[in-house]
Amino acid sequence: MLLCPTSEEDESFESGRRRLRGPAVVVDCEDDNDKNEEIPIASSSKTVTPYLSEHIPKTYNPMSGPDGQVIPSTEDAPSANTKYCNRHRPDRKCRRQANEPSMEQLQSELNTLSQTDQQSISHVWSIFSAAPAKQRNLILQGILSACCFPQLSFISASVRDLINIDFLTLLPPELGFKILCYLDTTSLCKAAQVSRRWRQLADDDVVWHKMCEQHIDRKCIKCGWGLPLLERKRLRLEKRQIQLRATGRGMNEWSPNITPLPESPPSSREASTEPVFGRKRSLEEEEISPESVAKRLRITPLSNESQQRAVTKQPWKDVYKARFKVGINWKHGRCNIKTLKGHTNGVTCLQFRANILASGSYDTTIKIWNMESKEEIRTLKGNDGHTLGVRCLQFDDKQLVSGSLDGTVKIWDWTTGQLIKTLTGPTQGVLSVHFDGPYLCAGSMDNHIYIWNTQTKRAYRIVGHTDFVNSVKLDVASRTLFSASDDNTAVLWDLDTQKPIRIFRQHTGPVQQVLPLPHEFEVDESDLPEYVPDVDTDTDSEHEHHHHHDSIHEHDHQDVPNAHTHESHPRTRKAHATPPPPLSNPSLFPDDSDRPNPPQYILTAALDATICLWHVPTGRCLRIFFGHLEGVWALAADTLRVVSGAEDRMVKVWDPRTGHCEKTYTGHEGPVTCVGLSGERVVSGSEDTDIRVLEFADEGPGGEVA
């Protein structure tokens with residue numbers, strides 16, 4: 001039986017050896033203790049020396065031959081190269097160095113032992129170091145079997161730190177990027193604090209560009225968090241360069257083609273605007289550069305020093321951090337408020353791009369503002385201006401289109417204030433305008449929609465509504481048009497046939513706004529409410545035997561049986577009574593396979609104080625937004641939020657997927673008639689003649705929250 005010392009007192013190898021060899025050896029040794037250090041360990045030497053001679057050369061063989069070439073292996077002559085493990089390979093940067101304090105302590109304790117004990121311990125170390133992997137395992141199994149609990153506890157505490165591997169340093173950079181891209185922002189920030197190498201990888205543009213692409217202007221499918229919009233053009237154009245860098249080339253090297261500008265002007269998607277009227281424009285042309293804005297506004301250009309600061313590149317981590325800060329401000333309602341005063345009557349419409357805001361009013365004027373300085377740049381009026389109140393407008397980087405109660409549509413050069421052209425056709429006031437590509441459309445108080453096509457030089461009207469047409473929105477890709485009317489309906493029209501494709505009925509009051517949501521907007525069916533409103537939806541097949549000049553309500557009575565029974569209880573029918581159609585996106589144009597569908601989702605707002613979210617392909621009303629006390633006049637939205645303004649003088653911010661009202665802002669003294677939205681701003685106009693700008697990029701005390 002092998003005995004083990006029961007205390008932690010030092011016991012030399014020699015005394016242990018004498019105890020095991022028997023009394024004769026002990027007596028001999030006790031006669032002359034001074035000779036203990038000189039006793040040779042013959043048996044150990046005879047066993048250890050041949051073993052080390054055999055195995056040590058294999059441990060320290062070179063990695064390659066004298067000429068630098070790897071020595072090939074054959075059956076007769078195996079390769080002389082040693083197969084190092086990842087921990088001990090000399091070419092690995094992650095090779096762990098000996099811990100200096102631990103080694104000093106070990107050396108000091110070793111020096112307290114006799115020469116014989118030191119030699120014995122050294123032999124044990126040498127045997128284990130020279131042993132192949134299989135024999136090492138056998139040695140460790142024997143040692144662990146001989147250990148008592150104090151030694152096992154010591155081994156456990158020591159191994160816990162030794163088995164940690166710096167895998168990011170061990171792996172190639174491209175694999176490190178791949179792993180880090182699975183982390184959330186909190187984990188990435190913690191990873192950057194581990195070491196310099198980890199910080200180099202965790203802060204790289206490859207990782208944070210992916211994070212920005214995953215969160216900005218969309219809800220992340222993993223965490224459900226979305227950040228306000230920045231230039232999507234940057235994300236798209238730099239994606240290829242980032243993918244190349246993910247292979248490990250040029251890591252953390254600055255490149256003007258990869259890192260973005262810190263504060264360049266937002267793209268057209270960030271502002272509430274549409275492409276230029278008359279022709280399609282590229283994304284590059286849609287950008288508003290600082291030089292172009294300065295030229296149009298007659299502003300002194302930046303100095304050389306300021307321009308040099310402007311082109312300073314910003315890492316994608318800083319971009320994400322800035323967007324995250326704006327998102328937090330949105331969440332908690334922290335913003336700075338600016339008020340623009342200048343109109344002498346109620347503000348009816350507005351739109352902004354970058355820092356340029358255009359507003360129309362019942363005072364018959366259109367004003368151009370600089371939102372940064374709160375200054376009025378110019379007023380579009382003159383002798384050829386509108387003679388009655390301006391009800392609608394839209395502008396791009398050069399042209400502005402306005403519609404008025406005087407029944408005219410005017411096209412302006414807003415950079416100079418000159419009137420370019422006046423379009424006539426509506427017999428009564430124009431309530432809405434929208435241009436996109438070659439089309440310009442207008443909704444009128446005469447119940448009709450007027451279309452001008454600059455490519456074909458053709459003008460025509462669409463007849464079908466039975467009351468004022470309050471809102472029109474074009475979708476050029478699908479050649480369709482959405483409209484909202486005081487006849488309580490919203491309609492999807494085919495521009496080729498001028499016939500309705502879908503008629504959306506849910507509201508019990510005049511529909512004031514219809515707004516297509518971006519194509520990337522998605523809704524999870526599991527988030528939809530248990531109660532499904534009963535929706536009456538007509539399709540083009542129901543109208544094949546009717547001429548498109550017939551009224552929509554005439555179609556209702558003739559083609560939709562028992563329509564009045566559906567409208568009597570629109571919100572009390574359970575979902576399981578009639579299973580709703582799935583949220584698929586079948587083609588609305590089966591005879592034209594190359595023709596894309598319009599946007600899948602739209603929003604409508606009405607004077608019944610509700611907002612509805614619709615699924616266009618099925619005509620299904622997915623959700624009703626309740627909260628306003630009086631009729632809703634204005635609506636704006638992106639992929640993250642919806643903003644509405646109403647007769648109750650409030651501006652509300654909604655989550656479009658859940659229908660929850662996130663914030664309510666007060667402050668206007670009259671009904672809110674128009675709103676605009678971007679990733680960093682909400683702008684609202686009211687009949688109190690004021691325009692309020694809520695800036696979420698600059699953290700402030702917050703607006704007046706109801």
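Surface patches here are made of residues with over 30% relative accessible area and no salt bridge, with like charges joined within 9 Å and nonpolar side chains (Val, Leu, Ile, Met, Phe, Trp, Tyr) within 5 Å. Areas come from the Shrake-Rupley method with a 1.4 Å probe, counting only the protein chains shown as cover for residues; a salt bridge puts a side-chain nitrogen of Lys or Arg within 4 Å of a carboxyl oxygen of Asp or Glu. The model is predicted, so local features need pLDDT of at least 70 and side-chain atom pairs 80 or more, while totals for chains, interfaces and linings use all residues. Numbering starts from 1 along each chain as its sequence is written, and side-chain values use heavy atoms, without hydrogens or water.

One nonpolar patch, about 360 Å², brings together Met103, Leu106, Val124 and Trp125. Helices H4 and H5 each supply at least two of its residues (helices are DSSP runs of H or I, at least four residues, numbered from the N terminus).

H4 (residues 100-111) and H5 (residues 115-130) have axes that come within 10 Å and cross at roughly 135°. Leu106, Leu110 and Asn111 of H4 touch Gln118, Ile121 and Trp125 of H5 (heavy atoms within 4.5 Å). That contact has 4 nonpolar residues, 2 polar and no charged.

Next, H5 packs with H6 (residues 133-146) at about 140°, the axes being 8 Å apart. Here Ile127, Phe128 and Ser129 of H5 meet Arg136, Ile139 and Leu140 of H6.

Definitions and conventions: Axes fitted to C-alpha atoms, helices over the stretch in contact; angles between N-to-C directions. Nonpolar A, V, L, I, M, F, W, Y, C, P; charged D, E, K, R; others polar.
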